[in-house]
Every structure is written in structure tokens, then in C-alpha cells.
Amino acid sequence: MRFIVNNIHASVKQSDFETLERFKKQYVKNLCANVYIHKKSIDARKKDDIKYVFSFLIETSDKGLIKKLKKQKNTAQEQKSEIKAVFGDKSVIHKPVVVGAGPAGLFCAYFLAKYGYNPIILERGEKIEDRAKTVEKFHKSGILNENSNVQFGEGGAGAFSDGKLTTRISDPIAGDIVRILSECSGIGELTYLARPHIGTDKLYECVINLRKIITDMGGEFRFCDKLKDIKTENGKIASVMSEQSGEIPCEILVLATGHSAHDIYKLMYKNNIKMEQKSFSVGVRTEHKRADIDKIRYGDFSEFLPAADYSVFHHLADGHTAYSFCMCPGGTVVASQSDKDTVVVNGMSDFARNKENSNSAICVSVSPQDFGTGIFDGLNFTKKIEQNAFILGGKNYTAPIMKLSDFLKIKEAANIPEPTYALGVKETDFSELFPEFITNGLKEGFFAFDKTMPGFIGCGAVLTACETRTSAPLRITRNESRQSDSVFGLYPCGEGAGYAGGIVSAAADGARTALKIISEYKPTSKQVGNNP
């Protein structure tokens with residue numbers, strides 16, 4: 001039987017191995033059992049008493065130990081979720097086509113390939129090995145490839161991020177996603193950390209290994225092959241047109257193109273695919289010295305703990321919300337534009353999170369009431385800000401920056417970090433960049449966050465603009481079968497379709513889309529993999 005023992009406290013000076021051995025001696029002793037770390041988190045509510053909190057998984061058939069564990073208040077019997085495919089009875093002539101090789105597309109393809117559906121994966125960008133070189137070239141020279149960059153290419157936008165695997169969704173398939181990513185990256189602790197992350201450097205290897213697994217199971221990748229059009233017959237998907245492959249017949253088309261593929265929204269509009277506006281957010285990247293954030297979060301315990309993250313949230317007086325997004329401890333601010341003559345920023349950390357600065361997006365929510373009723377008004381709203389940032393930066397991909405002290409008109413701190421945006425920065429006035437409600441919302445938010453984390457605005461920070469790719473500005477509507485409301489056989493999923501907000505949630509949405517397809521159709525191959 002399997003039991004989880006919760007709420008075991010440990011010193012932050014103690015290693016995971018030491019904590020595990022101590023737990024074994026106390027709970028298991030010499031009885032027959034296997035013991036594993038199940039979860040690990042940091043309890044930082046009391047700055048003078050920060051500690052780790054563990055839960056442990058015990059596997060045992062020892063009757064005495066089972067009886068003991070059942071009596072303990074902090075112990076629960078594990079209800080292990082098994083994700084199993086249920087096969088449908090409909091025949092499909094052609095291979096499913098998955099457009100996009102970000103988390104949603106990759107995990108949709110993974111499950112389709114695993115169960116014998118031999119998907120074709122179209123990706124407008126390059127495979128990760130070539131994409132990394134293209135991104136590096138842009139960061140050094142300013143030569144932008146509009147189809148392969150920080151937003152587009154194998155791995156999706158998350159491949160150049162902190163690689164966070166935290167999620168608010170309760171879907172049990174999220175555990176399978178993290179386990180697969182753990183195996184592909186070789187980072188065992190991902191399966192038990194409360195706030196796991198891979199980091200850009202480890203994601204590189206992870207994506208390569210995941211591609212190999214999908215290919216070995218029958219999937220086929222076609223890189224630098226952009227979707228150009230779709231064809232329908234009698235309200236059903238009939239084929240897709242791509243730049244390199246030409247026409248590809250298919251009855252099943254999974255659209256997992258990511259939140260920056262604005263041309264895909266226009267393609268859907270041209271083909272009368274129903275979409276709706278949705279809210280998103282806009283703001284800046286805020287860089288502090290990592291040591292300052294560590295001290296604010298952990299006090300004197302910071303020397304024993306990994307680089308600190310944070311999450312802040314504030315309801316603004318005007319009804320909007322200010323909040324942090326994609327916090328990158330020990331990371332850098334990254335040039336993330338996918339369109340020429342724009343400036344867009346994001347954050348990135350390696351697995352070690354050991355760079356001098358820590359950064360996070362600080363954003364203000366934006367809703368259709370702020371930008372208009374037209375279907376593309378949200379796109380136009382963000383595009384205008386990105387173009388303004390390009391102009392204010394000097395029209396050469398240099399990013400506009402402001403010291404936080406100048407932005408808030410407070411006393412300048414002595415410990416101001418050096419901006420990490422690779423293409424250069426230019427000091428400017430953000431009142432010329434953002435609509436007034438965003439500027440005012442950011443200011444109100446910063447003062448509120450300083451109450452939550454005293455020292456947040458006083459220790460010195462630099463703001464880099466602009467962060468506009470937090471989530472999709474549109475949703476491609478779908479029904480309970482996960483198919484488009486407009487066309488049978490079209491499955492919109494992931495962040496770009498408006499149904500996810502991070503690596504794991506996007507991957508889970510792609511996986512669930514695959515399982516839904518599997519439940520309707522027979523495999524196209526006799527080689528079917530094992531359960532996940």
C-alpha cells in the first residue's frame with residue numbers, strides 16, 4: 001500500500017538526503033518499506049523561523065506499519081491517478097496534423113504518437129538546436145528572424161523562460177506532464193518540488209529528448225513549415241496548406257500555435273472560424289539585485305536557500321489588477337519580439353538561477369472595455385505599445401528603461417542593478433509609452449507591493465519595457481468535444497487558443513485534446529504504446 005505522510009518540518013541547512021534518512025529512522029525504522037520524497041516547499045511566513053516542509057511517500061506491505069500509518073492524523077492513503085486512453089471506433093484516413101511545437105503541440109503529439117496515431121507536427125520555426133543559434137544571433141546583432149525567435153520555434157515561448165512547472169489547474173494529468181519533463185531533462189527533483197522549474201539551459205536538452213521520443217513512437221516533425229491556409233468541405237477540415245509541404249490532407253487538425261501567432265488569428269477570421277475577445281495584461285520587466293530580493297524574502301536565512309521568487313497581486317482603485325508574472329530569480333531580461341520594428345521583453349533563467357539580477361513582469365490587466373469591440377482591437381492595442389517602445393528605444397531594438405525611483409518619483413537607491421537586456425537600453429519616460437491607466441496602475445501596484453514585501457521599491461530597481469505577451473488576446477472558441485464551434489475536426493488548444501497560461505497548463509490542454517481525439521477515433525497504426 002502507498003501512504004503520504006504530510007507536514008514534516010526540516011531545517012533549511014539540512015540536505016534532502018539528510019531529511020529523508022532522518023524521516024526513515026523516525027517513521028519506518030527497520031520495517032520493510034520504500035520511502036520517497038513526495039513534496040518539498042519552503043515555509044517563509046516567519047522570517048526568524050524559515051523552514052522546509054516535506055511530505056513523504058511510503059510504499060509498504062508490512063501490516064504493523066500500515067496499521068500505524070492509518071492511525072496518524074498527518075497521513076493519508078495515496079489515491080494514485082492512472083491516465084488511460086479509451087479508443088473510439090471511428091476510422092480516420094489521414095494522419096492528424098498538429099500545428100505548433102510548443103508545450104500544447106508537443107504533448108498533444110506525444111499522446112497521439114504513444115497511442116498509434118502517427119501525427120505530423122508542423123512548426124514555423126526551427127528545431128531547438130538551430131533556434132537557439134538564431135536567437136543568440138538576434139541578441140548580438142539585432143537581425144530578427146520573424147518565424148524563428150523567442151516566441152516561435154520548437155519548445156514554444158517557454159523554451160526561453162524560467163521553465164516554471166507550477167500550475168493552478170487540478171487536472172491529474174499535470175503530474176504526468178511533470179514526470180515526463182523530469183525524465184526528459186534528467187532533473188529528478190521536478191517531481192517533488194512545490195515550485196519546480198527547468199530553466200532555459202535544461203529545457204534545451206529536454207525538448208530534444210521529447211522530440212526523439214515522439215519521433216520514435218511514429219510522430220513526424222516538419223520544421224520551418226508555416227501554416228498558410230486551411231481547406232474545409234461540408235463544414236469539416238479537409239486539408240491544410242503549408243509553406244514547405246504544400247497541401248496535406250487531414251480530417252483532424254490540432255491548432256496549438258501559441259499566443260504570438262497573430263497571423264493565425266487572421267487566418268481563422270478569413271475562414272470564418274469563431275473567435276472572441278479576452279482579457280490580457282501589459283507592463284514592464286522589473287529587475288532587482290538578486291541578493292536584495294533574497295534578503296526581502298528570506299532575511300538571514302537567504303544564504304541557505306535557493307534564489308528567491310515572489311508573487312504579488314493588488315486590486316487597483318480603478319477596477320483593474322496589478323500583479324507579478326513569470327518571475328525569474330537569478331535571470332536576465334530577454335528581447336522577445338517576433339515582429340520587426342517592435343520591442344517586446346520577457347524573462348529567462350537557467351536552472352541554477354545564479355545570475356546577479358532577478359526579474360519579474362509587473363503588469364496591469366487589460367480588458368475589452370479598455371481597447372474596443374473589434375475582434376482585433378486587442379492585437380492592435382498591444383502592437384501600438386510595442387511599436388512605441390521601438391521608437392522610444394531609438395528604432396534599433398534598444399529597449400526603453402526607467403529607474404523605478406524615477407518612475408515613482410521617490411529617493412533614488414544606491415544599489416541599482418545593471419540592466420541585462422542584451423541589445424542595449426535607453427532611459428526614457430514611460431508616460432509616453434503606455435496609456436495613462438497602465439502607467440497609473442503600475443505606480444499604485446508598486447507602492448502596494450512594497451507593503452507586502454518591505455524594501456521592494458526602496459532597494460533599487462530598473463524597469464524595462466514592454467511586456468505585452470502575457471497571454472493570448474483572443475480565444476478560438478470550442479465545444480465540449482474540444483472542437484471549434486465553426487468547423488468539425490479543428491481542435492484549438494493551448495495558450496494561443498486562449499485555454500492555458502503556462503508550460504504545464506498548455507501541455508495538459510494539449511494532452512487532453514489528444515485523449516479526446518483518441519476517444520473518438522481508431523489508431524492509424526498497430527503500434528500502440530503503454531499507458532503514460
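This is a predicted model: local features need pLDDT of at least 70, side-chain atom pairs count only at pLDDT 80 or more; totals for chains, interfaces and linings use all residues.
The largest nonpolar core comprises 75 residues, and Phe434, Ile438 and Phe446 have the most contacts inside it. For Ile438, once neighbours within four places in sequence are left aside, the contacts are Val282, Val364, Val366, Phe381 and Ile385.

Charged side chains come next. Side chains of opposite charge can pair when their charged atoms come close, and the model has 33 salt bridges. In one of them, Lys270 pairs with Asp229, with 2.9 Å between the closest N and O atoms. Lys270 belongs to helix α7 (residues 262-270) and Asp229 to strand β8 (residues 227-233), so this pair ties together parts 41 residues apart in sequence. Lys270 is exposed, at 52% relative accessibility, while Asp229 is partly exposed, at 22%.

A salt bridge also joins Arg285 and Glu467 (2.9 Å, N to O). Because Arg285 sits in strand β13 (residues 280-289) and Glu467 in strand β21 (residues 462-467), the pair links parts that are 182 residues apart in sequence. Both of these residues, Arg285 and Glu467, are buried.

Strand β13 also holds Lys289, whose partner Glu356 lies in the loop between β17 (345-348) and β18 (357-366), so parts 67 residues apart in sequence are tied together. Here the closest N and O atoms are 2.4 Å apart. Glu356 is exposed, at 53% relative accessibility, whereas Lys289 is buried, at 16%. Finally, Arg124, Lys226 and Asp263 are linked in a network of salt bridges.

Definitions and conventions: Residues are numbered from 1 along each chain as its sequence is written. Side-chain values use heavy atoms; hydrogens and water are left out. A nonpolar core is a set of buried Ala, Val, Leu, Ile, Met, Phe, Trp, Tyr and Cys residues joined through side-chain atoms within 4.5 Å. Buried means under 20% relative accessible area, exposed over 50%, partly exposed in between (1.4 Å probe, protein chains only). Contact means heavy atoms within 4.5 Å. A salt bridge is a side-chain nitrogen of Lys or Arg within 4 Å of a carboxyl oxygen of Asp or Glu. Helices (H or I, at least four residues) and strands (E, at least two) are DSSP runs, numbered from the N terminus.
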